[in-house]
Amino acid sequence: MILRSLPPRLLLLCMFVSASVNPAFASDDTVASTLGQQPPEDAAVLFDGSGLDAWKPFSWQWINPNDDQQEVQWKIVDGEAMEIAFEIEGKRRKQFLCTKQTFGDYQLHLEFQLPDGDSGNSGIFFGPMYELQILNTADKDRPGLGDCGAIYQIRSPDVNAALGPGQWQTVDLEYQAAQIGKNGFMTENGAARVTVRLNGTLIHDDFKLSLRRNKYAAFPEEPTSPIVLQEHGSKVKFRNIWVVEQPSQSTNAK
């Protein structure tokens, strides 16, 4: 049937029906914004602007290798956000932050803002050091393995949902930890999985994390792990960070 030959009212009706069944018109890949979403009652609140008690300096290999950083040097700014800081007591020092608590399967909500004037480089590490890249790449048509929203060096985001500097952005991430057998190693079919929405847009859909080819690949798979925020030379801000833990499927697998 040639739609151009239909009367206007019937043409509009056909277009409405087509949109309701055609994935090109109607998709659940985008949901309502979660910007400013409040944590549910069963959430573990990691940062609400009142303090950094849930965090500590991270230590692994070349990042604070002696695990001797006792003070959190990041700053609380604007009464609601934490901002990456590069110095403490006038001395330059590199510092990642990680949660004091470790988590297995969970849903994470986090908001971030890129600064003006630089790359906005940072990252969110989930599980055993899989990095969700933060970067100022909102103007890219086809984001790659190192662009905002990528699982760094593992998978590019399906679409570029990133925003530019000065705008608050949301990450909603669902992580399922790897299933660890009684021998202490990941089971054959038990790789970790992740689903990520950036600014309400689905960019990774239940992706199986079976490859470890980033620079943190030696970090061991474990039933629980911290959430880590990366310092990479940019004053990125974070706010409204909370986690809802899910029933774990990762321990004592056969």
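1. Leaving out residues up to four places away in sequence, His-204 touches Leu-132, Gly-149, Ala-150, Ile-151, Arg-155, Ser-156, Pro-157, Asp-158, Val-194, Thr-195 and Val-196. The model is a predicted one, and these contacts should be read with that in mind. One of the residues touched, Arg-155, is also joined to His-204 through a side-chain polar contact of 2.9 Å.

2. His-204 belongs to strand S13, which covers residues 201–209. Its relative accessibility is 0%, and His-204 therefore counts as buried, the cut-off being under 20%.

3. Strand S9 (residues 122–126) is largely enclosed by the rest of the structure, because 5 of its 5 residues are buried. Ser-122, Ile-124 and Phe-126 point one way from S9, while Gly-123 and Phe-125 point the other way, and all of them are buried. In a regular strand, side chains alternate between the two faces of the sheet.

4. Two strands pair with S9. With strand S10 (residues 130–134), S9 pairs in the antiparallel sense over 5 bridges, and within this pairing Gly-123 has Gln-133 of S10 as its bridge partner. S9 and S10 form a hairpin with 3 residues between them, and Gly-127 in the turn has a positive phi of about 60°. With strand S14 (residues 228–229), S9 again pairs in the antiparallel sense, here over 2 bridges, and Ile-124 stands opposite Leu-229 of S14.

5. Leu-114 sits in the loop between S8 and S9, and with a relative accessible area of 1% this residue is buried. Neighbours within four places in sequence being set aside, Leu-114 is in contact with Gly-120, Ile-134, Leu-135, Asn-136, Leu-163, Pro-165, Gly-166, Gln-169 and Val-236. For one of these, Asn-136, the C-alpha atom is separated from that of Leu-114 by 7.1 Å, although the two residues are 22 residues apart along the chain.

6. The largest pocket holds about 190 Å³ of space. Its lining is made up of 13 residues, of which Gln-107, Leu-108, Asp-172, Leu-173 and Glu-174 lie nearest the centre of the pocket. At least two residues of this lining are supplied by each of strand S8 (105–113), strand S11 (168–176) and strand S12 (192–198). By residue type, the lining of the largest pocket divides into 4 nonpolar, 6 polar and 3 charged residues.

Methods: Residues are numbered from 1 along each chain as its sequence is written. This is a predicted model: local features need pLDDT of at least 70, side-chain atom pairs count only at pLDDT 80 or more; totals for chains, interfaces and linings use all residues. Side-chain values use heavy atoms; hydrogens and water are left out. Helices (H or I, at least four residues) and strands (E, at least two) are DSSP runs, numbered from the N terminus. Buried means under 20% relative accessible area, exposed over 50%, partly exposed in between (1.4 Å probe, protein chains only). A polar contact is a pair of N or O atoms within 3.5 Å; within protein, one must be able to donate a hydrogen and the other to accept it, and residues adjacent in sequence count only if both atoms are side-chain atoms. Contact means heavy atoms within 4.5 Å. Two strands pair if DSSP finds at least two bridges between them. On a 1 Å grid over the protein atoms alone, a cavity is a set of points where a 1.4 Å probe fits but cannot get out, and a pocket is an open set with protein on both sides within 12 Å along at least five of seven lines; lining residues have an atom within 4 Å of a point. Grid points are joined across faces, edges and corners, and a volume is the space filled by probe spheres set on the points. Ala, Val, Leu, Ile, Met, Phe, Trp, Tyr, Cys and Pro count as nonpolar, Asp, Glu, Lys and Arg as charged, and the others, Gly among them, as polar.
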